[in-house]
Structures are given as C-alpha cells and as structure tokens.
Amino acid sequence: MQQWIAEIAYETTSGPRRVIESFYLPSVDDVRAAVSKKGGYTLSIRPHERSPMERLLARSTWWQVQLLRGIQFRSTSTSPGVALWKIIQAETNPRRQNILAPAREALARGLGVIDALKALNIFDHGTLAILAGSERANRLVEGIPHAIHSITQKRKNTRAIMGTMSWLGFDVFSIVTSLWSGQDMVLGWFRDNPPTEPEALEKYTRVVGNLELLWNVLIYSSVGMGVFMGWCILSFWYNRGKKDFPTARIVRKIPLIGGYLRDLAFADSMSAAARMLRGRVPINDTLHQSAEASSAPDVTAYWVAASTSLGRGVSLGSALDMEPLTRSERMELASLSDLAQVATVMESISEMRAAAAKTKHKLIVWIAFGLTGVFLAVAFGSAIYALTVMNMSMDSMMGGLMEGAI
C-alpha cells in the first residue's frame with residue numbers, strides 16, 4: 001500500500017475542472033481504476049513524497065508520543081479509529097496535515113487504526129508490534145502507554161549512544177585534523193633535514209617511512225569509519241519504517257550490534273505476543289502478527305517457522321522451541337502447552353531480552369571508549385615518536401656543525 005497524488009480532470013457544466021486528489025492504494029493501476037469509478041480522467045499520477053522538513057517532523061519521537069497520547073485520551077469516549085480520525089480532522093498545521101494524509105486515506109477506505117498508523121511510516125516495527133498486539137486483544141488503549149514507554153526508552157538509548165559517539169568523534173576528529181594538517185609540514189621537514197652519517201641516514205629513512213605509513217593508516221581509517229557511520233545514520237533515518245534494506249543487513253552482521261538489535265526485536269515481539277495471548281487472540285493470528293511486526297529477519301523467520309510447525313500438528317511448546325532462542329528460554333517453552341503459561345514465559349523472555357539489550361548497549365559504549373582510547377594513544381605515541389626522530393636529525397646536524405667548527 002502506498003499513497004499517490006493524482007491530477008484529475010472532471011467534466012462539469014461549466015467545462016473541464018482540474019483537481020488534485022490523494023489515494024492510498026497498492027499500485028498506479030488501482031489509482032486509475034478508482035479515478036474512473038469517480039467519473040474522472042487521470043492526467044498524472046506520482047508517489048506521495050514528503051519534504052525534508054516534513055520527514056524530520058515525522059521522525060520526531062516527541063511528535064509520535066503526542067499522537068499516541070491523543071489517541072489514548074480520545075479513546076475514552078470513542079473507538080481508537082474514530083479518535084485518530086478526529087485528530088487528523090482537527091489538525092491545522094499544513095505540514096502535519098501532509099504527514100497524516102496516508103492515515104486519513106487508510107481510514108477513509110475502511111481500514112483499521114493499526115493499518116492507518118502503519119501507513120504513516122513513522123513508527124518503528126517494535127512500537128507497531130506492541131500496538132498491533134494490544135489492538136488484536138481489544139486493549140489498544142492499555143497498550144499505548146507500553147508503546148510510549150518503548151519509544152522513550154529507545155530515545156534515551158539513542159541519545160546516550162549518539163552523545164558518547166559525538167564526544168568520542170570530536171576527539172578523533174581533532175587528532176585526525178591535526179595529523180592531516182601537520183603531516184606535510186612535519187614529514188617535509190624530516191625529508192629536508194636527514195642525518196649525514198650513512199648508518200644514521202638508513203635508520204632515519206626507515207623510521208620516517210614507518211611514521212608516514214602509520215599516519216596514513218590512522219587518517220584514512222578514521223575518515224572511512226566516519227563516512228560509514230554517517231552513511232548508516234542517514235540510511236537508518238531515511239529508511240525508518242522499512243523492514244529490510246542494505247544498510248540494516250550490513251549493520252546486523254556486526255557481532256555485538258547485531259545481537260543488540262536482535263534482542264530488542266525479540267523483546268518487542270515477545271511482549272506483543274504475550275499481550276495478544278492474554279487477550280484471547282488465536283495462536284495462529286498471534287504468531288502471524290508477531291512475524292509481521294518484527295523488523296529483524298531472523299526474528300521474523302522464527303515466528304514464521306513456529307507458525308508453520310504448529311500448522312503441521314506440532315505441539316505449541318515444541319513449535320516455539322527453536323533457535324535463535326537461548327537454551328534456557330527453549331527449555332522453558334518446550335515443556336509448556338497451556339496458553340496462559342506461554343504468555344507468562346513470553347513476558348519473562350521479553351524482560352530478559354530487554355535486559356540483555358541494555359547490557360549490550362553499555363558494552364557497545366565501553367568498547368567505543370576503549371577503541372577511541374587506543375586510537376588516541378597510537379596518535380599521541382606517533383607524535384612523540386616524531387619528536388624522537390626530529391631529535392635524531394637535530395643531533396646529527398649539531399654533530400656535523402661541531403666537526404666543521406673543529
């Protein structure tokens with residue numbers, strides 16, 4: 001499903017009238033069919049695109065929280081779908097109206113509130129998993145505070161990582177720019193002032209070559225790492241809401257970061273599955289919804305495989321007993337058959353995965369500190385080493401001057 005902007009011509013008593021309308025449909029052909037049913041003639045169709053300012057506002061966690069709170073407050077006297085519709089109708093800011101347009105089109109076509117929220121393409125899959133699980137259990141209002149807590153917690157984690165990386169990045173940037181700006185001057189001075197003694201000259205040349213190689217490695221590796229990190233940040237920000245994209249596949253291959261993302265995905269999907277089971281949602285629908293809501297491919301594959309095994313007649317505990325769950329998690333699930341017990345175990349797994357993700361988050365920060373410390377130590381050590389080389393050249397020059405004076 002996608003939002004389309006169509007330019008349409010209608011025949012009126014006063015002549016042709018050109019209007020621009022939006023449609024939330026799967027393809028261009030569906031848009032043309034919808035326009036024909038309305039008695040219009042399609043002039044042009046283009047995908048809906050947000051401006052950079054609208055994209056930045058839509059990605060704002062503050063605005064996401066405000067939207068969910070608005071749905072929660074208005075749902076006390078009406079359904080969540082009507083509550084979202086009233087929020088959209090009451091919005092007067094043009095940019096926010098444009099952001100909310102896909103949800104308005106989805107609700108106008110009779111889709112549910114979760115489909116409308118998915119159409120906005122602003123929430124991550126973990127948040128949608130919590131909301132979808134609560135909605136299937138007819139407890140969306142109760143699930144919204146959990147979704148808000150998930151958003152704020154991820155925002156804190158993101159700010160902590162970004163703050164740490166920014167501070168460390170500034171230190172590395174300062175050292176690299178110093179090396180970059182002083183490389184030609186220092187190495188040029190070394191080349192212009194070599195020792196005169198043959199043995200000292202050979203050692204001096206070797207040392208200067210190693211120093212130049214080390215500085216080049218430091219500079220180009222740090223620049224490459226900075227470009228990679230910047231590309232990852234922009235790619236994740238731009239592709240937020242998508243299930244899979246090239247940058248995400250690359251990042252998931254990094255051992256510690258991949259495990260961190262997998263733990264977060266399991267924590268969200270397990271929590272949503274437990275909430276659906278407690279709400280008496282059929283187990284097949286629960287497994288299917290959990291697979292749809294997860295953004296991690298291995299977590300999605302887990303739920304799909306469990307649903308397939310359950311459809312072949314395998315018991316529920318055995319269907320859930322598979323990797324990438326840990327051995328202790330699998331032992332708890334393998335001996336269960338009652339849905340209430342399964343929901344309790346899933347909540348426990350969700351809490352353990354959330355704790356594991358928090359631990360990995362701290363470990364990532366400390367490893368970043370450690371690697372940056374090593375980088376700075378090597379950079380400072382090479383600078384001190386450069387002074388040693390400079391003394392070697394100065395001593396040789398002074399020795400030559402003294403001999404000439406004698």
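Which side chain meets that of Arg18 in a salt bridge? The partner is Glu7, with 3.2 Å from N to O, and a salt bridge here is a side-chain nitrogen of Lys or Arg within 4 Å of a carboxyl oxygen of Asp or Glu. The structure, which is a predicted model, holds seven salt bridges. Local features need pLDDT of at least 70 and side-chain atom pairs count only at pLDDT 80 or more, while totals for chains, interfaces and linings use all residues. Residues are numbered from 1 along each chain as its sequence is written, and side-chain values use heavy atoms, with hydrogens and water left out.

**Between strands**
- Arg18 counts as exposed at 61% relative accessibility, whereas Glu7, at 21%, is partly exposed; buried means under 20% relative accessible area, exposed over 50%, and partly exposed in between, with a 1.4 Å probe and protein chains only.

**Within helix 1**
- Arg32 and Asp29 form a salt bridge whose closest N and O atoms are 3.4 Å apart, and the two residues, three apart in helix 1 (residues 28-37), are separated by about one helical turn.

**Between helices 11 and 16**
- Asp263 forms a salt bridge with Lys360, the closest N and O atoms being 2.8 Å apart, and because Asp263 lies in helix 11 (residues 255-278) and Lys360 in helix 16 (residues 339-405), the pair ties together parts 97 residues apart in sequence.
- Asp263 is buried at 4% relative accessible area, whereas Lys360 is partly exposed at 24%.

Note on methods:
Helix = DSSP H or I, 4+ residues; strand = E, 2+ residues; numbered from the N terminus.
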